[in-house]
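Here are a few exercises on pockets and surface. Keep the structure open and try each task before reading its solution.

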Amino acid sequence: MVLVGAVTLISLTLVELFLRQADLPRFDACEATATWARGDPLLGFRGDPGRPVAGVTPNRLGLRGPLPVQPKPEDELRLLFLGDSTCWGLGVALEESFAGRVRAALAAGLPERPVTLLLGAFPSYSSYHSAVLLDELLPFSPDLAVLYIGARNDADRARYYADAEIPARRARLQAGWHDVRLLRGIEAARDGVYRAVVRRLLPRATRARVPPDAFVANLERIAGRLDEAGVPAVVVLPPIHPAFEAEKPLVRHYRELLVRF
């Protein structure tokens, strides 16, 4: 038994040394940060102030636009928008985004009150991200929240794991065992098999980035936090183009969940 144990240990050590020498594995599902974003332990990724996103340089929170001053002036009307790339205004100037147009319309109708904008949105964010980000943005004392969620990202197919698993996956990056290449290789192989085979066998709803039950839970979390803070909310129902629905049939279900909510 001692000999078998010694041979096994030596073999595993040689495999580990080989993997380190070859810099393998190069794939790591726990590190899913885009090149234009920085990693975040809860959100998975957020805008990097040093890397423009579609020509827009994120602020210190990784969001778009100037951050409102704290504490909030008494006469100021502060609008909080939560959502994805559409809410962020990807591809258009901030004043041309629908959040910017709402701010401009209110400012024109309320000339005696300054109207400021707080964009809690980022490309590829889902309702999971909105729920997490809300806790970070409520200290800015918004007067009204506008929710544009469930448009597409929640229903997208998860590449390896659901959005709710982001904190656990990010934590694994800091774990000591994650530096062992052999263990990381086993994890990478398992994730690869899941994406290539297992995921295809699961019902569409269960392989979404945010499954429907988790989507409802995120809505309830957001509503609860806004109620606690005394912030009224407006829910914007995302439009659904027939071609997009044909590609992602689940988006209709998420919209129905928003309507019921």
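**Exercise 1.** This is a predicted model. Find out which residues lie nearest the centre of the second largest pocket, and how the lining divides by class.

*Solution.* Start with the lining: 13 residues line the second largest pocket, and Pro66, Leu94, Arg103, Thr116 and Leu117 are the ones nearest its centre. Next, look for the elements behind it: helix H3 (98–109) and strand S4 (115–121) each give two or more residues to this lining. Then sort by class, and you get 7 nonpolar, 3 polar and 3 charged residues. Finally, the space in this second largest pocket comes to about 180 Å³.

**Exercise 2.** Work out where Val193 is placed, and why Val193 counts as partly exposed.

*Solution.* Go to helix H6 (residues 181–201), where you'll find Val193. Val193 has a relative accessible area of 46%, so it counts as partly exposed, a class that runs between the 20% and 50% cut-offs. Now look around Val193: together with Val197, Val198, Leu201 and Leu202, Val193 forms a nonpolar surface patch with about 420 Å² of accessible area in total.

How values were computed: Residues are numbered from 1 along each chain as its sequence is written. This is a predicted model: local features need pLDDT of at least 70, side-chain atom pairs count only at pLDDT 80 or more; totals for chains, interfaces and linings use all residues. Side-chain values use heavy atoms; hydrogens and water are left out. Patches are made of residues with over 30% relative accessible area and no salt bridge: like charges are joined within 9 Å, nonpolar side chains (Val, Leu, Ile, Met, Phe, Trp, Tyr) within 5 Å. Accessible areas come from the Shrake-Rupley method with a 1.4 Å probe; for residues, only the protein chains shown count as cover. A salt bridge is a side-chain nitrogen of Lys or Arg within 4 Å of a carboxyl oxygen of Asp or Glu. Helices (H or I, at least four residues) and strands (E, at least two) are DSSP runs, numbered from the N terminus. Buried means under 20% relative accessible area, exposed over 50%, partly exposed in between (1.4 Å probe, protein chains only). On a 1 Å grid over the protein atoms alone, a cavity is a set of points where a 1.4 Å probe fits but cannot get out, and a pocket is an open set with protein on both sides within 12 Å along at least five of seven lines; lining residues have an atom within 4 Å of a point. Grid points are joined across faces, edges and corners, and a volume is the space filled by probe spheres set on the points. Ala, Val, Leu, Ile, Met, Phe, Trp, Tyr, Cys and Pro count as nonpolar, Asp, Glu, Lys and Arg as charged, and the others, Gly among them, as polar.
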